[in-house]
Amino acid sequence: MRPAIRSALEHAAELTRRNRLVDAFALGEAAINQATDDQQSEIRRWLADHVRDFTGEDAH
């Protein structure tokens, strides 16, 4: 995944944790829309692996 997309997703996670959901969604969607088809699976994996980044919760 391109560094700009990863950075945007990380920032979207931070916005989500601060309850700025509309901003987070807009940023994440824009980043994902810029990804090529072959990057989509990597983005899905990254999102699945970083769920806690969005929720701020630790897995138990």
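## Exercises on helix packing and the core

The crossing of helices H1 and H2 is left-handed, a crossing being left-handed if the near helix is turned anticlockwise from the far one by less than a right angle, and right-handed if clockwise. The model is predicted, so that local features need pLDDT of at least 70 and side-chain atom pairs count only at pLDDT 80 or more, while totals for chains, interfaces and linings use all residues. Residues are numbered from 1 along each chain as its sequence is written, and side-chain values use heavy atoms, with hydrogens and water left out.

**Exercise 1.** Determine how H1 and H2 are oriented to each other, and which residues form their contact.

*Solution.* Step one: the two axes come within 8 Å and cross at roughly 165°. Axes are lines fitted to C-alpha atoms, for helices over the stretch in contact, with angles from 0 to 180 degrees between N-to-C directions. Step two: H1 and H2 are therefore roughly antiparallel, since angles over 145 degrees count as such, under 35 as roughly parallel, 65 to 115 as roughly perpendicular and the rest as oblique. Step three: the contact (heavy atoms within 4.5 Å) is made by Ile5, Ala8, Leu9, His11, Ala12, Leu15 and Thr16 of H1 and by Leu21, Asp23, Ala24, Leu27, Gly28, Ala31, Ile32 and Gln34 of H2. Step four: sorted by class, this contact has ten nonpolar, four polar and one charged residues. Here Ala, Val, Leu, Ile, Met, Phe, Trp, Tyr, Cys and Pro count as nonpolar, Asp, Glu, Lys and Arg as charged, and the others, Gly among them, as polar.

**Exercise 2.** Carry out the analysis for H1 and H3.

*Solution.* Step one: these helices pack at an angle of about 30°, with their axes 12 Å apart. Step two: H1 and H3 are therefore roughly parallel to each other. Step three: their crossing is right-handed. Step four: Ile5, Arg6, Leu9 and Glu10 of H1 meet Glu42, Ile43, Trp46 and Leu47 of H3. Step five: this contact has five nonpolar, no polar and three charged residues.

**Exercise 3.** Identify the residues of the largest nonpolar core and the elements that supply them.

*Solution.* Step one: a nonpolar core is a set of buried Ala, Val, Leu, Ile, Met, Phe, Trp, Tyr and Cys residues joined through side-chain atoms within 4.5 Å. Step two: the largest one has eight residues, namely Met1, Ile5, Ala8, Leu9, Ala31, Ala35, Ile43 and Trp46. Step three: helix H1 (3–17) and helix H3 (40–49) are the elements that give two or more residues to this core, and H1 gives the most, with three. Helices (H or I, at least four residues) are DSSP runs, numbered from the N terminus. Step four: not counting residues up to four places away in sequence, Ile43 touches Met1, Ile5, Leu9, Ile32 and Ala35.

**Exercise 4.** Decide whether Thr16, Ile32 and Asn19 are buried, partly exposed or exposed.

*Solution.* Step one: buried means under 20% relative accessible area, exposed over 50%, and partly exposed in between (1.4 Å probe, protein chains only). Step two: Thr16, in helix H1, counts as buried because its relative accessibility is 19%. Step three: Ile32, in helix H2, counts as partly exposed at 25%. Step four: Asn19, in the loop between H1 and helix H2 (21–34), is exposed, with a relative accessible area of 65%. Asn19 also has a positive phi of about 60° although it is not a glycine. Most residues other than glycine have a negative phi.
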